[in-house]
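Here is a short briefing on one protein chain.

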Amino acid sequence: MIQSILLFLSFLLTYQSGFKHIWTVPAKGETLVTDNLGNPIVIQGDALTKFRDNGTLFRLYSNKRLGKITSVDAMNPLKIVVFYKDFSRVLFLDNTLTENGTPIELEKMELEQASQVCASYDNGVWVFDGVAYTLTRFNQQMQKTVQILNLNQILNYAPQPVFMMEHDNHLYMSVPDRGILQFDIFGTYIRTIPIIGINRFQVLGTTLYYSKKPGLLQAFQIKTLQESQLELPVKDYIDMRINQDRLYLLRNDSLSVYQFPASTQE
């Protein structure tokens, strides 16, 4: 949290020094995640490619029986959550990308059409049902601990989220034409953060990071509502992640890692 706050404060300064390139490796993918140890995972179709934090290839994983991967959440590197929307399945992987148990069939858990899944505290998961507009949290044993019914009635519109994540006892859900919805750990709606048109983002500490304009890392301070931006080293990236003092950029044929400018680490 301290590093993310320092990073945000540095955005407020006029700082011209560039990023330091650390390594680049060949990689093809559609999305990118990192675990809290700085190990990046590239998602491409039904396959995952995990690298070590120094850029060396670590593990590959693919399960063609479940089709295309919809999302991956590596919040807990020992229990990575992999969601397959087309088959309404959730699969858990350990830190070596080895399957941890059999896939969870969400349809058998009274979920008509799960559209978003993310990790939660204590090895739980959140699931959003795009037909019934329910938000449900399951514990490690996949027992319901929270369920919010008729979220469309609470919000007065039918939300169609494209991404969600939990951080620091809050759930954040991106509905591109409305903003980023914030809930507490009990599923209670708090507010909508007025950032429109965002598909993916990160929340670190009290700062929400996203990239809406090519070549710009944008930061929204959740408590103070301050906004700022930092120019990135390249513009032609597919996905982006921040982990401590590092910036991960997935491009068409490569994965590159940079160190943030020195002032962001002071």
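In S12, Phe-138 is the bridge partner of Val-125. That pair belongs to a predicted model, where local features need pLDDT of at least 70, side-chain atom pairs count only at pLDDT 80 or more, and totals for chains, interfaces and linings use all residues. Residues are numbered from 1 along each chain as its sequence is written, and side-chain values use heavy atoms, with hydrogens and water left out.

- Strand S11 (residues 124–129) and strand S12 (residues 134–138) run antiparallel and are joined by five bridges.
- Strands here are DSSP runs of E with at least two residues, and helices are runs of H or I with at least four; both are numbered from the N terminus.
- Two strands count as paired if DSSP finds at least two bridges between them.
- The sheet is open and has four strands in the order S10-S11-S12-S13, with antiparallel pairing.
- Strand S10 (114–120) and strand S13 (144–148) are the edges; each has a single partner strand, so one side of each is left without a neighbour in the sheet.
- Neighbouring strands of this sheet are turned by 15° against each other on average, direction ignored. Axes are lines fitted to C-alpha atoms, for helices over the stretch in contact, and angles run from 0 to 180 degrees between N-to-C directions.

**Sheet S1, S24, S23, S22**

- Another open sheet has four strands, ordered S1-S24-S23-S22, and its pairing is antiparallel.
- Its edge strands, S1 (20–26) and S22 (239–243), each pair on one side only.
- From one strand to the next, the twist averages 15°.
- Six bridges link S1 and strand S24 (residues 254–259) in the antiparallel sense.
- Pro-26 has Ser-254 as its bridge partner in S24.

**Whole chain**

- The chain contains two helices and 24 strands.
- Its radius of gyration is 18 Å, which agrees with the value near 18 Å for a compact globule of 266 residues. The radius is taken over C-alpha atoms, and the globule rule is 2.2 Å times the number of residues to the power 0.38.
- The C-alpha trace spans about 55 × 40 × 30 Å along its principal axes.

**Burial, contacts and surface**

- Of the 266 residues, 54% count as buried, meaning under 20% relative accessible area with a 1.4 Å probe, protein chains only.
- Among contacts (heavy atoms within 4.5 Å) with a separation of 6 or more, 41% involve residues 24 or more positions apart.
- The accessible surface comes to about 12400 Å², and 49% of that belongs to carbon and sulfur atoms. Areas come from the Shrake-Rupley method with a 1.4 Å probe.

Note on methods
Buried means under 20% relative accessible area, exposed over 50%, partly exposed in between (1.4 Å probe, protein chains only).
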